[in-house]
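Q: I have a model open and would like to learn how to read its features one by one. Could you walk me through it?

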Amino acid sequence: METLLYSLADALKSKGWMLATAESCTGGWIAKLCTDLAGSSAWFERGFVTYSNDAKQDMLGVKAETLAQHGAVSEAVTAEMAAGALQHSRAQVAVSVSGIAGPGGGTATKPVGTVCFGWAVQGGEVSTATRHFQGDREAVRAQAVQYALSGVLQALR
């Protein structure tokens with residue numbers, strides 16, 4: 001994970017870009033890892049922890065209709081979260097995460113371990129993905145953090 005973070009920091013610094021995060025199930029873990037690196041203020045702009053649907057709407061501009069139609073754990077919502085993080089920050093790239101880390105909360109269509117992601121680059125398209133991770137709550141969240149950061153690095157290339 002440390003190598004990934006240093007690669008991300010280097011890529012952001014080389015572009016002169018800042019990162020914003022919009023996290024639900026990861027609870028600020030991505031932002032914490034970023035700010036663990038000394039000098040991260042050169043490339044980490046801010047993080048939003050929007051665990052509730054109200055927070056997603058209030059802080060990131062996620063539409064109530066999107067939440068009602070797709071649910072909080074959906075690519076439609078993470079797309080709006082990532083776009084909202086860009087819109088409500090001075091960052092040029094943003095990542096969003098919303099998922100079901102468990103142990104409860106899963107359904108037949110969205111089992112525990114389902115995590116949706118969004119990546120937004122200023123002036124570009126928002127990309128999304130859904131992954132199904134295995135393990136307990138901590139394992140699901142750790143895998144989500146790593147996947148989210150890897151996606152940011154890919155978006156920068």
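A: Helices (H or I, at least four residues) and strands (E, at least two) are DSSP runs, numbered from the N terminus. With that scheme, Glu23 belongs to strand β1, residues 19–23. This is a predicted model, in which local features need pLDDT of at least 70 and side-chain atom pairs count only at pLDDT 80 or more, while totals for chains, interfaces and linings use all residues. Residues are numbered from 1 along each chain as its sequence is written, and side-chain values use heavy atoms, with hydrogens and water left out.

Q: Is Glu23 buried or exposed?
A: Buried means under 20% relative accessible area, exposed over 50%, and partly exposed in between (1.4 Å probe, protein chains only). Glu23 has 1% relative accessibility, so Glu23 counts as buried.

Q: Which residues does Glu23 touch?
A: Contact means heavy atoms within 4.5 Å. Not counting residues up to four places away in sequence, Glu23 touches Gly28, Trp29, Ile30, Ala31, Phe48, Val49, Thr50, Tyr51, Met81 and Val97. For Val49, 26 residues apart from Glu23 along the chain, the C-alpha separation is 4.9 Å.

Q: Which backbone nitrogen does the side chain of Glu23 reach at 3.1 Å?
A: A polar contact is a pair of N or O atoms within 3.5 Å; within protein, one must be able to donate a hydrogen and the other to accept it, and residues adjacent in sequence count only if both atoms are side-chain atoms. The Glu23 side chain reaches the backbone nitrogen of Ala31 at 3.1 Å. A polar atom of that side chain also lies 3.1 Å from the backbone nitrogen of Trp29.

Q: Where does Gln92 lie?
A: Gln92 sits in the loop between α5 (75–87) and β3 (93–99). Its relative accessible area is 16%, so Gln92 is buried. A polar atom of the Gln92 side chain is 2.6 Å from the backbone nitrogen of Met18.

Q: Which residues of α2 are buried?
A: They are Trp29, Ile30, Ala31, Leu33 and Cys34. Their cover includes α1 (2–15), β1, β2 (44–49), β3 and α6.

Q: How do the axes of α2 and α6 cross?
A: Axes are lines fitted to C-alpha atoms, for helices over the stretch in contact, and angles run from 0 to 180 degrees between N-to-C directions. The axes of α2 (residues 29–36) and α6 (residues 137–156) come within 10 Å and cross at roughly 60°. Angles under 35 degrees count as roughly parallel, over 145 as roughly antiparallel, 65 to 115 as roughly perpendicular and the rest as oblique. The two helices α2 and α6 are therefore oblique to each other.

Q: What about α1 and α6?
A: Here the angle is about 30°, with the axes of α1 and α6 10 Å apart. This pair, α1 and α6, is therefore roughly parallel.

Q: Which crossing is left-handed, and which right-handed?
A: A crossing is left-handed if the near helix is turned anticlockwise from the far one by less than a right angle, and right-handed if clockwise. The crossing of α1 and α6 is left-handed, and α2 passes α6 in a right-handed one.

Q: Where is there a cis peptide bond?
A: Look between Gly102 and Pro103, where omega is about 5°. Pro103 is in the loop between β3 and β4 (114–121).
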